[in-house]
Amino acid sequence: MTSIHTKCGADWTAGFSGVCCGAAKALAFCLQWTTVVSAMNRRSFLGKMGHGALGVSAANLLLDKPRILGANSKPRPKNWIWTDGGERLKPAEQRERFKQFRKAGIDAVLFSGFNREVLACAKAEGLETHAWTWALCRGDKELLEKHPDWYDVNRLGDSAADKPAYVDYYHFLCPSHDEVRQHLAKIVADLGDTDNLDGIHLDYIRYPDVILPVALWKKYNLIQNEELPQFDYCYCEVCRGAFKRQTGEDPLQLPDPPSNAAWRQYRYDSVTRLVNHLVDVAHEKRKQMTAAVFPTPALAKKLVRQDWAQWNLDAVLPMTYNSFYNEQPEWIQRAVKEGVAALPKDRPLYAGLYLPDLKGEDFDRAVEFAMAGGAKGVSLFGGLRTVKRAD
Ligand SMILES: [Zn+2]
């Protein structure tokens with residue numbers, strides 16, 4: 001399956017079902033991150049463990065880097081990783097994987113899938129545990145069949161329920177529906193009752209991309225210098241009615257909907273209200289709430305209508321994937337700085353790094369740029385995959 005994956009917009013070839021990226025049948029895994037921070041304190045792990053199931057190559061350390069942080073002047077960074085649960089690993093293999101995370105400087109794991117044993121094992125190894133949860137992009141069969149009216153509708157009148165944009169799984173729910181809010185609140189509340197889970201991490205908490213990251217235009221044979229109607233959401237009855245009550249105007253009747261500031265703001269606010277409600281639900285259950293968001297406040301608003309500086313999250317993890325914007329690693333510092341400046345002072349930002357495009361020294365530099373921009377750590381994506389053992 002080829003699709004746009006949320007964390008990068010790039011091809012993501014792992015089969016996807018539910019919330020687990022192809023991990024369910026995995027019998028072995030391979031850590032493929034190739035770099036890490038400390039050029040001064042570089043270390044490699046080479047070896048095979050267990051029954052040859054685990055290969056960890058050239059994973060260097062994300063541990064404290066005095067050169068960046070200044071000796072003893074700041075706390076060491078907190079680093080994250082988006083990964084699968086590896087539920088089929090043997091207990092010893094799983095323990096070894098989590099030990100490797102810790103050695104590599106990872107503090108918190110965002111699990112796409114998990115079970116009770118996975119969480120207990122991660123906690124026992126000293127890791128924070130978070131449920132990586134697809135929020136508004138939900139192609140659940142039951143929802144599509146029973147509630148097609150809950151889904152976003154574009155400016156041409158096509159529903160994301162049966163005519164998703166770009167790729168076949170882009171079934172986005174409309175954040176303005178009360179029923180959608182209640183449905184997602186129930187999911188968060190249920191996760192909130194999970195033992196050994198520290199937090200809930202929202203992904204796809206946005207509209208479909210009205211404009212794709214520029215590096216993807218060629219792939220989809222599109223020029224998106226303006227908001228094209230087939231990618232512009234949401235014009236469902238609920239949204240049209242709410243905006244009309246607010247302003248007296250039907251967004252479909254506006255002479256140029258993309259240029260209408262109030263209509264843009266309505267959609268930012270619709271996502272923000274939903275997020276802040278979900279944060280309250282998570283906090284009632286004493287869980288942290290974080291989210292994967294587009295790289296800067298300005299880009300997030302422009303591309304997917306996320307006004308994430310207004311979200312009451314415990315931490316924000318922008319996907320500062322420079323290559324998707326045809327930028328060099330230096331750009332990460334500028335992007336992080338813009339995000340930090342927009343957030344409340346006590347709100348930590350962890351810079352998402354896309355490992356496949358940060359080879360060798362570029363990774364070291366990316367981490368340095370993230371920290372120099374004011375990030376409290378980084379979150380790694382894409383360098384880790386679970387593979388089936390050929391036996
Ligand atoms: Zn709507």
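This is a predicted model: local features need pLDDT of at least 70, side-chain atom pairs count only at pLDDT 80 or more; totals for chains, interfaces and linings use all residues.
Visitor: How many helices and strands does the chain come to?
Guide: You're looking at 10 helices and 12 strands. Residues are numbered from 1 along each chain as its sequence is written.

Visitor: What percentage of the chain's residues count as buried?
Guide: That's 47% of the 391 residues. The test is to count other C-beta atoms, placed from the backbone, within 10 Å of a residue's own: 20 or more is buried, 12 or fewer is exposed, and in between is partly exposed.

Visitor: Why is Tyr-166 called partly exposed?
Guide: Tyr-166 has 18 C-beta neighbours inside 10 Å. Tyr-166 sits in the loop between helix 4 (141-146) and helix 5 (178-192), and its phi is positive, about 65°, although it is not a glycine.

Visitor: What makes Asn-196 partly exposed?
Guide: Again it's the count: 15 other C-beta atoms lie within 10 Å of Asn-196, so it is partly exposed. Asn-196 is in the loop between helix 5 and strand 7, with a positive phi near 60°. For context, most residues other than glycine have a negative phi, and most peptide bonds are trans.

Visitor: Which peptide bond is cis, with omega near 5°?
Guide: The one from Tyr-233 to Cys-234. Cys-234 belongs to the loop between strand 7 and helix 6 (237-247).

Visitor: How do you know that strand 7 is covered on both faces?
Guide: Go through strand 7 (residues 199-203): five of its five residues are buried. In a regular strand the side chains alternate between the two faces of the sheet. Here Gly-199, His-201 and Asp-203 are on one side and Ile-200 and Leu-202 on the other, all of them buried.

Visitor: What makes strand 7 and its neighbours count as paired?
Guide: DSSP has to find at least two bridges between two strands. Strand 6 (residues 128-134) runs parallel to strand 7 and is joined to it by five bridges, so that pair passes. Trp-132 stands opposite His-201 there. Strand 8 (residues 288-293) also pairs with strand 7 in the parallel sense, over four bridges, and Met-289 is the bridge partner of Ile-200.

Visitor: Why is helix 9 called roughly parallel to helix 10?
Guide: Helix 9 (residues 330-342) and helix 10 (residues 361-372) pack at about 25°, with axes 7 Å apart. The axes are lines fitted to C-alpha atoms over the stretch in contact, and angles run from 0 to 180 degrees between N-to-C directions. Under 35 degrees counts as roughly parallel, over 145 as roughly antiparallel, 65 to 115 as roughly perpendicular, and the rest as oblique. Helix 9 is therefore roughly parallel to helix 10.

Visitor: Which residues make the contact between helix 9 and helix 10?
Guide: Helix 9 uses Glu-330, Ile-332, Gln-333 and Val-336, and helix 10 uses Ala-366, Phe-369, Ala-370 and Ala-372. To be in contact, two residues need C-beta atoms, placed from the backbone, within 7 Å. What covers the buried residues of helix 9 includes helix 8 (297-304), strand 9, strand 10 and helix 10.

Visitor: What makes a set of residues the nonpolar core, and which members touch the most others in the largest one?
Guide: A nonpolar core is a set of buried Ala, Val, Leu, Ile, Met, Phe, Trp, Tyr and Cys residues joined through C-beta atoms within 7 Å. The largest has 97 residues, and Val-109, Leu-278, Ala-291, Val-316, Ala-351, Leu-353 and Ala-370 touch the most other members. Helix 7 (residues 261-284) gives the most to this core, seven residues. Leaving out residues up to four places away in sequence, the contacts of Ala-351 include Ile-332, Val-336 and Ala-370.

Methods:
Helices (H or I, at least four residues) and strands (E, at least two) are DSSP runs, numbered from the N terminus.
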